[in-house]
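Work through the exercises below with the sequence and the model at hand. Each task is followed by a solution in steps.

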Amino acid sequence: MKRFKQKYLYVSLALSAFLTAGSAQAEIEEITVTANKREQSLQDVPLTVSVTSGEVIQQSSIVDLIDLQTAVPALRVNQLQNSAQTNFTIRGFGNGANNPGIEPSVLVVVDGVPRSRSSSSLADLPNIERIEVLSGPQSTLFGKNASAGVISITTKAPEDEMSGVIEATVGNNGSQIVKGTLTGPTSIDNLTYRISASTNESDGYGTNLGELADASDDSPLNNRDRNAVRAQLKWDAAEDLTARFTYDKDKIDEVCCVTGPLFQGGATTINNMIAGGATGGPVRGMLAADATPWDYQVYMNFKPTNVAENEGFSLHIEKDLGNMSLTSITSDRNTEMQSNFDADFSAADLVKEQKLDYQFDTFTQEFRLSSTSESGIQWTAGLFYS
């Protein structure tokens, strides 16, 4: 009798666990991704994909791709001397960004349009549908500079009903973030629009103490000064034909990324002598002996600059051909960067100015033919020009 009761108890627990698991499974919402350049359920994609929805991005206060690394463990974003030296790594793989002539090995794609340089991907995120981070080589479908992975961003498309959202955030150090979006129909049948804009400003939490004793040439470091605008038109020309035109422009005018000195030793003493603080020259240039990294104070021989501007348009056309679909994505983009900083981060003139001044014009055209049938074999054929 005792053994029978024990067996009955085990069966009850197993049945209860089964019913609970089934109930939880029924509540899981299906996640749709485009990792294979077609809409599929995440369960059917044979890749390692981390998906962050627009709802999670909003709830987690993710502003840009730098913040995204808090939600995607495989992704890491490093900013070095300035914004131009920002590189993305997935699972620890990536390449440096100090040479602007080298394309990143982690590709950033926005609505199917590739960004040729990391500096063109640093603006605040617009209204997002989802962000997919694909780990590992993705060159088969995404091209030459996707050997370490892909960050695929899908923005919200224009909608048929009129709606709008505006958000404002205020924080310390003069932080102010304002962003909004407006979407709805136009006077033309089947033509809808969406306009999104954002500004992001902050005084910064670091200081370049400059050279003058009266501190009149002090300048902020690690500040924020960003603005962006994105406009879209979507035309449902027919049941089997859709066109989507996008124009975007953004600008970053901020100086980063500086920390305070961790330790002041013999090298600091020599550096101060070179700067003139111990040779009869001005004392300006010597940090206090008890200075800590959390003061975020450094001396530079000049006021650093860092300006990045991006502008571009794209035309996305989808044609349903029955058991297959034809996709055409055309884009033309321009990226400009001007930056200058004191590479030794001290009042001593040890390393000369590190200037960057470049401009990249990128034109891309993609044609893709994909199967849409429910058969077991799925195929894609395409042509990409850059």
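**Exercise 1. Find what confidence the predictor gives residues 278-282, and how many contacts they have beyond four places in sequence.**

Step 1. Across residues 278-282 the pLDDT stays under 50; pLDDT is the predictor's confidence in each residue, from 0 to 100.
Step 2. The model has six contacts for residues 278-282 beyond four places in sequence, a contact being heavy atoms within 4.5 Å.
Step 3. Where pLDDT is low, the predicted coordinates should not be read in detail.

This is a predicted model, in which local features need pLDDT of at least 70, side-chain atom pairs count only at pLDDT 80 or more, and totals for chains, interfaces and linings use all residues. Residues are numbered from 1 along each chain as its sequence is written, and side-chain values use heavy atoms, with hydrogens and water left out.

**Exercise 2. Describe the secondary structure and burial of the protein chain.**

Step 1. The chain has five helices and 21 strands; these are DSSP runs numbered from the N terminus (helices H or I, at least four residues; strands E, at least two).
Step 2. Of its 386 residues, 41% count as buried, where buried means under 20% relative accessible area, exposed over 50% and partly exposed in between (1.4 Å probe, protein chains only).
Step 3. Among contacts with a separation of 6 or more, 60% are between residues 24 or more positions apart.

**Exercise 3. Decide whether Ser-371 is buried or exposed, and list what it touches.**

Step 1. Ser-371 lies in strand 20, which spans residues 353-371.
Step 2. Its relative accessible area is 4%, so Ser-371 is buried.
Step 3. Leaving out residues up to four places away in sequence, Ser-371 touches Arg-38, Asn-323, Met-324, Ile-377, Gln-378 and Trp-379.
Step 4. The side chains of Ser-371 and Gln-378 are joined by a polar contact of 3.0 Å. A polar contact is a pair of N or O atoms within 3.5 Å; within protein, one must be able to donate a hydrogen and the other to accept it, and residues adjacent in sequence count only if both atoms are side-chain atoms.
Step 5. A polar atom of the Ser-371 side chain also lies 3.0 Å from the backbone nitrogen of Trp-379.

**Exercise 4. Locate the cis peptide bond between Cys-256 and Cys-257, and the positive phi angles of Asp-111 and Asn-190.**

Step 1. The bond from Cys-256 to Cys-257 is cis, with omega near 5°. Cys-257 sits in the loop between strand 16 and helix 5 (266-275).
Step 2. Asp-111, which is not a glycine, has a phi near 50°. Asp-111 lies in the loop between strand 6 (106-110) and strand 7 (113-115), and is buried, with a relative accessible area of 14%.
Step 3. Asn-190 has a positive phi of about 65° and lies in the loop between strand 11 (176-185) and strand 12 (191-202).
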